[in-house]
Amino acid sequence: MSLSIIVNADDFGYNETATSRTISFIERGLVSSATIMATGADFDRAAEYAKTRPDISFGVHLALAEVPSLSGNAALGSGRAMSCWAKGKGFKAAFDAHLRAAIELEWSMQIQKCIDSGLKISHIDSHHGVHTKPFTFLPLKNVAAKFGIRRVRNIHNCSDAFTAKQRLQRIVYEAGFRYFPPAFATTKYFMSYSEFTKMPARPADGTVELMCHPGGVYPDEDALIEGGELARLCGIFKLSNWNDIPLRK
């Protein structure tokens, strides 16, 4: 089996810089996929561009923090840093039906906004990986079932720094992604573009998704992408996108 790589631009539509930079990378063949932030300030431009590129996979970048919510529910902590979910609220949400319902409503509204814009949704991922947290497991499964979305970004599962406990946690959570209904199709590996370039031993086959943030807070990563680092490191590989991932039966 040969190596297949998806280079996904997160935060598409977050602001004018992120939108412009992502479009530039797509047009130059450096990015094969992008996920649109429905709560982003430049959402409309990103959505309009997406409709012109059916060859590129466009998903939804679900958010719960740092950007205003669509539902306006103050319980979500929208507009504050992601850390607000790490200080007890995330744990509480796992056992709070009202808070889970608020998350599900917010994400349903974000997905519906993308659909209403004419976007053909290829997959789901999220801001700061919040869709891979235990407290969002059920809301994620519910919204995916509601909208018939069966492709979802994997949990971060490829690092030499993981402890045995962390590896086991990821195996268990990934199994829930793949087998708890609705069963999600996902990539074999997921990590950031920068992480991939720094690994002493990179995956040699299967499909790996590399996350990047064009025009965002990682200018060094933008430089790696523009410099053709993947070709230098990997030699022959297939640049694919989320539409190439077969659905689970």
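Q: On the other side of helix 8, which residues are exposed?
A: That would be P219 and D220. Keep in mind that this is a predicted model.

Q: And which residues of helix 8 are buried?
A: E221, D222 and I225 are the buried ones, in a helix that runs over residues 219-226. Looking down the axis of helix 8, you'd find its buried residues within an arc of 105°, so they line one face of the helix.

Q: What covers the buried residues of helix 8?
A: The cover includes helix 1 (16-27) and helix 7 (193-198), along with strand 5 (189-192) and strand 6 (206-212).

Q: Okay, switching to salt bridges. How many are there?
A: The count comes to 13 salt bridges. One of them pairs D10 with R153, and their closest N and O atoms are 2.9 Å apart.

Q: Where do D10 and R153 sit in the chain?
A: D10 is in strand 1 (residues 3-12), while R153 is in the loop between helix 5 (137-147) and helix 6. They're 143 residues apart, so this pair links distant parts of the chain.

Q: Is D10 buried or exposed, and why?
A: D10 counts as buried because its relative accessibility is 1%, and the cut-off for buried is under 20%.

Q: What about R153, buried or exposed?
A: R153 counts as buried too, at 2% relative accessibility.

Q: Which other residue forms a salt bridge with R153?
A: E209 does, with the closest N and O atoms 2.9 Å apart. E209 lies in strand 6 and R153 in that loop between helix 5 and helix 6, so the pair ties together parts that are 56 residues apart in sequence. Both E209 and R153 are buried.

Q: Which residues end up in one network with them?
A: Salt bridges with shared partners join D10, D125, R153 and E209 into one network.

Q: New topic: H123. Where is it?
A: You'll find H123 in strand 4, which covers residues 121-126.

Q: Buried or exposed?
A: H123 is buried, with a relative accessible area of 0%.

Q: Which side chain does the side chain of H123 make a polar contact with?
A: That's the side chain of S122, at 2.7 Å.

Q: And what does H123 touch, not counting residues up to four places away in sequence?
A: H123 touches N8, S33, A34, T35, F58, G59, V60, I149, R151 and W242.

Q: Last thing, the surface. Which residues form a nonpolar patch there?
A: L168, I171 and V172 do, and together they have about 310 Å² of accessible area.

Q: Which helix is V172 in?
A: V172 lies in helix 6, made up of residues 164-179.

Q: Why does V172 count as exposed?
A: Because its relative accessibility is 55%, and exposed means over 50%.

Technical notes: Residues numbered from 1 in each chain as written. Predicted model: local features only at pLDDT ≥ 70, side-chain atom pairs only at ≥ 80, totals over all residues. Heavy atoms only, no water. Patch = residues over 30% accessible without salt bridge, like charges linked within 9 Å, V, L, I, M, F, W, Y side chains within 5 Å. Areas by Shrake-Rupley, 256 points an atom, 1.4 Å probe, with all protein chains shown as cover. Salt bridge = Lys/Arg side-chain N within 4 Å of Asp/Glu carboxyl O. Helix = DSSP H or I, 4+ residues; strand = E, 2+ residues; numbered from the N terminus. Buried < 20%, exposed > 50% of the residue type's maximum accessible area, 1.4 Å probe, protein only. Polar contact = N/O pair within 3.5 Å; in protein donor to acceptor, adjacent residues only side chain to side chain. Contact = heavy atoms within 4.5 Å. Arc of directions from axis to C-beta.
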